[in-house]
Amino acid sequence: MATVKSLSKANKTKVFRRAYVKRRLVSTGLFETDWQEISEDIKRWGTIKSEVDTFRASKFRLSTLMLKVANDDGRYNPETDDASLWFGYASRERSLVKIEAGYVDESLGADGIWVRNEFPTDTTAYVGVMSGEILLNDQNSVTLRVKPLTQVFREFPAQLLTGWTSTGITASDFIFMLRDMTDGSSNYLFRPFFGDTTSNWNVSTTTVTYSDLNTSSAKDIIDANCWQVIQKLAESENFVPYVSRSGVFNFGSKTSVTATTAWEFYGINTYNTEYGNTIKKIKNFGFKKTNYYSRVSVRYVDTDTETSYSIVEATMAVAGDNAVWNLGHRILNIENFWIPNTVTADALAQTIFDDASVIRNHLEFTTSFIPQIEILDRIEVSYDSADKSPQSRWDFNNWSPGSDELYWDDSRGDSLVMSSKAFKILSAKINLDKMECDYIVRELDN
Amino acid sequence: MEFLGLNLFNTSTQSTVDSNTATATYLYNRDIVFQWSSDGYDNDLTTSSVTINFGSTVEVNRFAILGHNLKDFTIFYDGTTSNTFSLTTTAATTTSDFSANSDTSNYLRFDTVTLTSITIDMQSTHVADSEKGIGYVFAGELDYELTHLPAASGYKPVFDVKEIKHLIGDGGSRIHTIQEKFNAMIKLTNMTKAVRDSLKSVFDRKDPFNFVPFGTSTGWDEVLRECVWPGKFDLYTFADNSIDAGYKGSIKVEETPF
């Protein structure tokens, strides 16, 4: 019986990629029930990318999927064109896009009946929303720009939200406020993009009340969109906001990595019968200084006095094993005036310091197609680059086997050796044209 | 070598099956791995039926079923079992009523019949008492038959596989296959003007055509592919210094996406 593991390691397998759109009805403004497949129009699939914390702590980038489609028949023309796939529907903008990708196992039974199974069980690789210009050209091709679903939070001013309480709200309350936001006529504003179900909002409950989030006219609300508020709250809670491959919005701790290993990767000179050898290239491995901070400074009061800061730092001492002495101080400055009190600021500074002050290696590598890895998944990597003798070939020989005399040193060196080393995924990229994956991962304690 | 029009069976509302209605669309999915199969008809004494209702009167002279496991089956039109097709080429039977078929694909040629529906009654299967399965059904009309055949060296059929090759770190290769497509290059020479002009009309088609190089009701090579003719039309080239030598040139066919 085929599995994702057996197909991922198989040396000749069939893969599939499918693309779908969901249009909005003119009559209700809501999405149609069924997905419309557009796979046969795709000329270039582009790259799906999701990432957290890869370039700076608590900063999140929304990568764009660029789908290049053939437009010979005008299917991607404006909705006013009767040849358009959107003719009779609402705008092409903010249509949902779904990408499915995986392995397929096909076999013809002795009874003449084909058995066809797709893997993984949930073949959804990405759900996003069309956002950006859709321009026609004389090449009869159109590029559809698809953003993660969190884009819809960018497109709504926080000031227009309702449901504030005068004493302030918690971060999770704010997310629930978004989830339950309506247009005033019981039509949800954000839920339709997330499968129209509350189960696609995976929110960890928080306890800190942000007193500044108490009214739509609060100064930090007026000029912010919902995504900016989410980012600020994520920073305060040391959380990550992201959308899973199946379109579930997650707002939870960035440090809560499951103990279960989601996937094991094997490279040169390592062997595993279950996962096979899938590493194509290790781009780089080592301590990433830019993600290391020995001093975390959280400014949580608007006035610029010493008491406005909560600082946690490592002590510098002139010693060979002192990280600060060896690396110099690296300072992470966080400015967040929503943090309500010293206790919360101290806790946040300590949490970030505990995570950022540990010297951790980062690994960036490329593999053949692995369809089911998520952000923050725990993975293990085994790799053993070719042996290398640091000395002359003369030194290889043991001149006196079985004797201690004349025993020449046969020391070897490896540039890169990892044995079931644990990491968490910070960035996962699937190149749908090359059907290969790129990962940036951060070391965990094994 | 035949150039056919489009498959007249192409929408879900046209088909009626007595089981597994959810996969009835597979009957016109050109990837035969997407196969419709019956459910609860794994008995050679139980007949399962598939009916294609075209919704209006259509003309049909070519019918094909691919990727099937049928031994005893009958194909008839307009709901009358005696309305079988009279085959115009050598076959195991003279009509579309098979009793001991061992092929997994059959291509049937017959004189044009005006009809509104075609039914396939399936009785027994190659392996006795199996569910009935059909990978693809084609119903259509001949557009042009190229009787001026190329030399063996002038016909280059290729099953071109779209694949992605991964070079793994240890130097090994891993292949991810996307899909297989049929392409062919056909070089012709000494064609008459009439042949050339007929091929020009195929070239000028705005719709794709279905290409069947060697369609036979038994021992068929199972090549029936929806194709386009890309690039140039070079069949206006004279074959020799004498105009009586006719024309030469090449036909290129490339399969369309599913």
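Reply: Happy to, starting with where the chains meet: 24 residues of chain B are in contact with 24 residues of chain A. This is a predicted model, in which local features need pLDDT of at least 70 and side-chain atom pairs count only at pLDDT 80 or more, while totals for chains, interfaces and linings use all residues. Residues are numbered from 1 along each chain as its sequence is written, and chains are lettered from A and ligands numbered from 1 in the order in which they are written.

Me: What makes two residues count as "in contact"?

Reply: Their C-beta atoms, placed from the backbone, must lie within 7 Å. On the side of chain B that touches chain A, β11 (155–167) and β12 (173–191) of chain B are the elements that give two or more residues. β12(B) gives the most, with five residues.

Me: How are the residues on that side of chain B divided by class?

Reply: There are nine nonpolar, twelve polar and three charged residues. Ala, Val, Leu, Ile, Met, Phe, Trp, Tyr, Cys and Pro count as nonpolar, Asp, Glu, Lys and Arg as charged, and the others, Gly among them, as polar.

Me: How do you know that β1 of chain A pairs with β12(B)?

Reply: Two strands pair if DSSP finds at least two bridges between them. Strand β1 (residues 12–22) of chain A and β12(B) are joined by three bridges and run parallel, so they meet that requirement. One bridge partner of A:K14 to look for in β12(B) is B:T177. The strand and helix names come from DSSP runs (helices are H or I, at least four residues; strands are E, at least two), numbered from the N terminus.

Me: Why is β5 of chain B called largely enclosed?

Reply: A residue is buried if 20 or more other C-beta atoms lie within 10 Å of its own, exposed if 12 or fewer, and partly exposed in between. Seven of the eight residues of β5(B) (residues 70–77) are buried, so the strand is largely enclosed by the rest of the structure. β5(B) pairs in the antiparallel sense with β7(B) (residues 106–125) over seven bridges, with B:D72 opposite B:S124. β5(B) also pairs in the antiparallel sense with β6(B) (residues 97–98), over two bridges, and there B:T74 stands opposite B:D97.

Me: Why are α3 and α5 of chain A called roughly antiparallel?

Reply: The axes of α3(A) (residues 171–179) and α5(A) (residues 226–237) come within 10 Å and cross at roughly 155 degrees. Axes are lines fitted to C-alpha atoms, for helices over the stretch in contact, and angles run from 0 to 180 degrees between N-to-C directions. Angles under 35 degrees count as roughly parallel, over 145 as roughly antiparallel, 65 to 115 as roughly perpendicular and the rest as oblique. The two helices are therefore roughly antiparallel to each other.

Me: What makes a crossing left-handed?

Reply: The near helix must be turned anticlockwise from the far one by less than a right angle; clockwise makes the crossing right-handed. α3(A) passes α5(A) in a left-handed crossing. The contact involves A:A171, A:F174 and A:L178 of α3(A), together with A:C226, A:V229, A:L233, A:S236 and A:E237 of α5(A). By class, these residues divide into six nonpolar, one polar and one charged.

Me: What makes β18 and β19 of chain A edge strands?

Reply: Three strands form an open, mixed sheet in the order β18-β17-β19 (chain A). β18 (309–313) and β19 (331–335) each have a single partner strand, so one side of each is left without a neighbour in the sheet. On average, neighbouring strands are turned by 10 degrees against each other, direction ignored. Helix α7 (residues 342–356) of chain A packs on this sheet, touching β17, β18 and β19.
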